[in-house]
Amino acid sequence: MGSIIKNKYLILRRISQLTILFLYFGANAYGWKILVGNLSLSKIFDKIPLTDPFAFLQMLFAGAVISTDMLVGFIIIVLFYGLIGGRAFCSWVCPVNMITDLAAWLRRKTHHEKDNLISAMKIKQFRYWFAGILLIISALTGAAAFEFISPIGIFTRGIAFGLGFGWVWLLAIFLFDTFVLKNGWCGHVCPLGATYSIIGAKNLIRVKHNKDNCTNCGNCLMICPEPQVLTQIINKKSDFISGIECTNCGRCIEVCNDNALNFSIRNYIKGEKNEKANN
């Protein structure tokens, strides 16, 4: 029971990711209407549209006709992750996260967490440039460029219709994360993750650090897929983890034995008052 409680967010994330995949499979295999489509364009109960925001932007740049459902689905997603979830899509919904988490676990078990063939610092902004380049290519070609190579789409369609040779691309991502660069795909390449980082920059639910409880053991920095969001806060001050790349995965909370990290809700009004008082 202790192990379950200790890993509660990891377990809940896996339940969330596998349930979503199962519902897509059920829609194709049995005609269920709970969640129909794929992670680019879905409908809940055949009524509520959900649109991948980066797919929407690609289609916009490509000059495609934007349907009302696509626009409404885009607005729903932007409002949800912009106000509440932040970049939680990457750790709670995206199926590729299960592959990259497995690679990170293998790195920890084999004690080569810091062995990278590419400097993480040199390409830390690559995902944002990559997203921009893909939008330009979409505009030039008249097609949503990333959708042809998206491992997220390949994984989702693979569950519903059969993976085919898509497993080769997913294996490549696993090997890239395991042997080339720690958290390489999600942390440095994925343009959808970059999009959600921007959308969720000011979301309300965030991990909060309590400096008084922190012993600076470093467990959170070791497990975090985006440790740069922690380094400016941990053992320095009590505050929210405000870095836009935080995926709200909760792993830092689970490995913290000091009870120094917990999910909380940002209060911008109180924060502004505190800043004025300090001035």
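Residues are numbered from 1 along each chain as its sequence is written, and side-chain values use heavy atoms, with hydrogens and water left out. Since this is a predicted model, local features need pLDDT of at least 70 and side-chain atom pairs count only at pLDDT 80 or more, while totals for chains, interfaces and linings use all residues.

User: What separates the centres of domain 1 and domain 2, taken over C-alpha atoms?
Analyst: The domain assignment gives domain 1 (1-112 + 122-199) and domain 2 (204-265), with bounds that come from an automatic or database domain assignment. Their contact, meaning heavy atoms within 4.5 Å, takes 22 residues from domain 1 and 22 residues from domain 2. Taken over C-alpha atoms, the distance between the two centres is 24 Å.

User: Which residues have the most contacts inside the largest nonpolar core?
Analyst: A nonpolar core is a set of buried Ala, Val, Leu, Ile, Met, Phe, Trp, Tyr and Cys residues joined through side-chain atoms within 4.5 Å, where buried means under 20% relative accessible area, exposed over 50% and partly exposed in between (1.4 Å probe, protein chains only). The largest such core has 52 residues; its largest share, 5 residues, comes from helix 2 (residues 8-30), and the core draws at least three residues from each of domain 1 and domain 2. Those with the most contacts inside this core are Phe89, Trp185, Leu230 and Leu261.

User: Why does the pair of Phe56 and Phe74 tie together parts that are apart in sequence?
Analyst: The structure holds 12 aromatic pairs, in which rings of Phe, Tyr and Trp (its six-membered ring) have centres within 6.5 Å, with planes under 30 degrees apart counted as stacked, over 60 as edge-to-face and the rest as tilted. Phe56 and Phe74 form a stacked pair, 4.1 Å centre to centre with 15° between the planes. Phe56 counts as buried at 5% relative accessibility, and Phe74 counts as buried at 18%. The pair ties together parts 18 residues apart in sequence because Phe56 lies in helix 3 (residues 53-62) and Phe74 in helix 4 (residues 68-85).

User: How many residues apart in sequence are the parts that Phe89 and Tyr196 tie together?
Analyst: Phe89 and Tyr196 form a stacked aromatic pair, 4.7 Å centre to centre with 15° between the planes. Phe89 counts as buried at 4% relative accessibility, and Tyr196 is buried with a relative accessible area of 2%. Phe89 lies in helix 5 (residues 89-92) and Tyr196 in helix 11 (residues 191-199), so the parts tied together are apart in sequence by 107 residues.

User: Which residue in strand 6 is the bridge partner of Lys208?
Analyst: Helices (H or I, at least four residues) and strands (E, at least two) are DSSP runs, numbered from the N terminus, and two strands pair if DSSP finds at least two bridges between them. An open sheet of 3 strands has the order 5-4-6 with antiparallel pairing, and its edge strands are strand 5 (239-240) and strand 6 (261-265). Strand 4 (residues 205-209) is joined to strand 6 by 5 bridges, and the partner of Lys208 in strand 6 is Asn262.
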